[in-house]
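The following paragraphs walk through the structure shown here, beginning with a region taken from a record and moving on to helix contacts and sheets. Please keep the sequence and the model side by side while reading.

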Amino acid sequence: MENIIEVTGLAKMFANQTALKDVSFKVRKGETFGFLGPSGSGKTTTIKILTAQLAQTDGDAYVFGVPASKLKEARYRKKIGVLTDNSGLYTRLTIYDNLKLYCDLYEVPHTRIDEVLDMVNLRDAKKKVVSKLSKGMLQRVTLARAFLHKPELLFLDEPTSALDPVNTKHIYKGLENLKEQGTTIFLTTHDMNEAETLCDRVAFLNEGTIQLLDSPKALRQKFADHTLTVELADGSKEIIDRGPEGAQAMYNYMSENKVVSIYSNEPTLGDIFVEVTGRKLS
Amino acid sequence: MIFSVKRTMAIFQKDYKDILKNYFVSSSVLMPLVLAALYGRMGVETVNEHYLIFNMTFCLVAAYVQCSLIAEEKEKNTLRGLMLSPASTLEILGGKSLLSFIGTILVIVISAFLTEYKPENILVISIAIVLSTVFYIGLGTVLGLMTKSVMEASVVILPFIGIFSFGSMLTYFADKFPILKAAEYMPNSQLINLANQVQTGAGLLDVWFNFAIILAWVAVIYVIVVIVYRKRMMD
């Protein structure tokens, strides 16, 4: 499968501080790749290097097969959408006027504005002046702007950090639509539920290095303790090993009609992150 | 490299809509006009008096408005959005300069009307005014790129307003302080010198040296613009 991003041995130093060291990963075309880690772990630095806003100290970063530093050309910019924590909007203009500017810059018809505003549930507010918007609405407008031009590759830095659950769901639905259309999404987040919901593969970043990289399902299985929890009719819970002894115990509970529910004891991505890094996400 | 007029005009239209609601910056456009109206009533007799208003217009409209527009883009993190778009450096800076350029030319034309300035050679003066406007827009762009907020830009530009509005007067004291003779080579002094020559019948070829000096200032400031802009593209 074609790789859209290829990073090898990437390192970034700020003065004497190491932001990234020996980071390597590949992002395949059409996948949603999650870059997970606590604040200050190097997520935003990676996005900035991959979007030519920052030069790496060492290593290689290729996007669409060209060095990330070459992405300043218009033909590449048209393929990329970026949402970072410092994506600004023109506060004296309306939502519509803000998006119209970007339609013109990306040579996209203005009819696209209503489509993206539908995706972020803001169509009715398009005449509102940006300075009057709530933090959540601002976040949704900047998101709408990021995928206004139907980019092939979308960088999202904490895309739902300021959103309530209803609007978060709207965004997830919009991102799923983009994924169905073949958009590759590079997502940074410290929200493990978001990563589980959206990502095909995730990388755990901690103190500038990747500690784990795989699909959420594979990671959960890898770190599972291979036991099952059986909830019994009397309200008690029994933990059963997967094996002949566990099968016999399960048979006994079931034949006595005591079983209310059974579930496997897989860890969440958050549990795995804490186990691997010894750090909590914040 | 392809230059997109559409992208340039989109940035210009955005700036136009934005500045109409930005009273802090847009009110500065009125100051030279008020001064021109006052001078017009009092009666302007010398070229130097006309050009005091014109040089103030360059500083307040071309340089200050441009500086504020760029500084605000930086303050609100919107410049990064433009830089990450397909718009090239030339399209972004061209689009952002167009409003200051049109504003400056309009204010100068109205001021000239109010003060009843009638140049002997309109072509030479027009070229000189356009070149000077381009220089001051470059100056405003550099200062805007180097500052972090509109407030900071408003302070940083003050000495430049002083130097480029009234700096030509320093040459009056050049006999006493020879170092002040250097002020003759400033673009504002050159413009006044050129305008005085034109009023005595000089043509385009007679004032080539003044043009050359103003052009040198334009070249230097735009080299600085490109260097600073490229630096600002990266964190």
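According to an unreviewed UniProt entry, the feature "domain: ABC-2 type transporter transmembrane" is placed at residues 50-226 of chain B; UniProt positions follow the numbering used here, feature names are shortened, and annotations may be inferred rather than shown by experiment. The end C-alpha atoms of residues 50-226 of chain B lie 33 Å apart, and the span is 75% helix and 0% strand. This is a predicted model, in which local features need pLDDT of at least 70 and side-chain atom pairs count only at pLDDT 80 or more, while totals for chains, interfaces and linings use all residues. Residues are numbered from 1 along each chain as its sequence is written, chains are lettered from A and ligands numbered from 1 in the order in which they are written, and side-chain values use heavy atoms, with hydrogens and water left out.

The annotation "transmembrane region", also from an unreviewed entry, covers several stretches of chain B, among them residues 20-39 and 207-229. For residues 20-39 of chain B, the end C-alpha atoms are 27 Å apart and the span is 75% helix and 0% strand, whereas for residues 207-229 of chain B the corresponding values are 33 Å, 96% helix and 0% strand.

Within chain B, the axes of helix 9 (residues 187-199) and helix 10 (residues 208-233) come within 9 Å and cross at roughly 155°. Helices here are DSSP runs of H or I with at least four residues, strands are runs of E with at least two, and both are numbered from the N terminus; axes are lines fitted to C-alpha atoms, for helices over the stretch in contact, and angles run from 0 to 180 degrees between N-to-C directions. Helix 9 of chain B and helix 10 of chain B are therefore roughly antiparallel to each other, a term used for angles over 145 degrees. Their contact (heavy atoms within 4.5 Å) involves residues including B:L191 and B:L194 of helix 9 of chain B and B:F211 and B:W217 of helix 10 of chain B. By class, this contact has 7 nonpolar, 4 polar and no charged residues, where Ala, Val, Leu, Ile, Met, Phe, Trp, Tyr, Cys and Pro count as nonpolar, Asp, Glu, Lys and Arg as charged, and the others, Gly among them, as polar.

A helix pair also links the two chains: the axes of helix 3 (residues 95-106) of chain A and helix 1 (residues 5-20) of chain B come within 8 Å and cross at roughly 165°, which makes these two helices roughly antiparallel. Among the residues that meet are A:D97, A:K100 and A:D104 in helix 3 of chain A and B:K6, B:R7 and B:K14 in helix 1 of chain B. By class, the contact of these helices has 4 nonpolar, 1 polar and 7 charged residues.

Turning to the sheets of chain A, 4 strands form an open antiparallel sheet in the order 2-1-4-5, where strands pair if DSSP finds at least two bridges between them. Strand 2 (17-28) and strand 5 (66-67) of chain A are the edge strands, each pairing on one side only. Strand 1 (residues 3-14) and strand 4 (residues 58-63) of chain A pair in the antiparallel sense over 5 bridges, and A:A11 stands opposite A:D58 in strand 4.

Another open sheet of chain A has 3 strands in the order 12-11-13, with antiparallel pairing. Strand 12 (237-241) and strand 13 (259-264) of chain A each have a single partner strand, so one side of each is left without a neighbour in the sheet.

Notes. Parallel < 35°, antiparallel > 145°, perpendicular 65-115°, else oblique.
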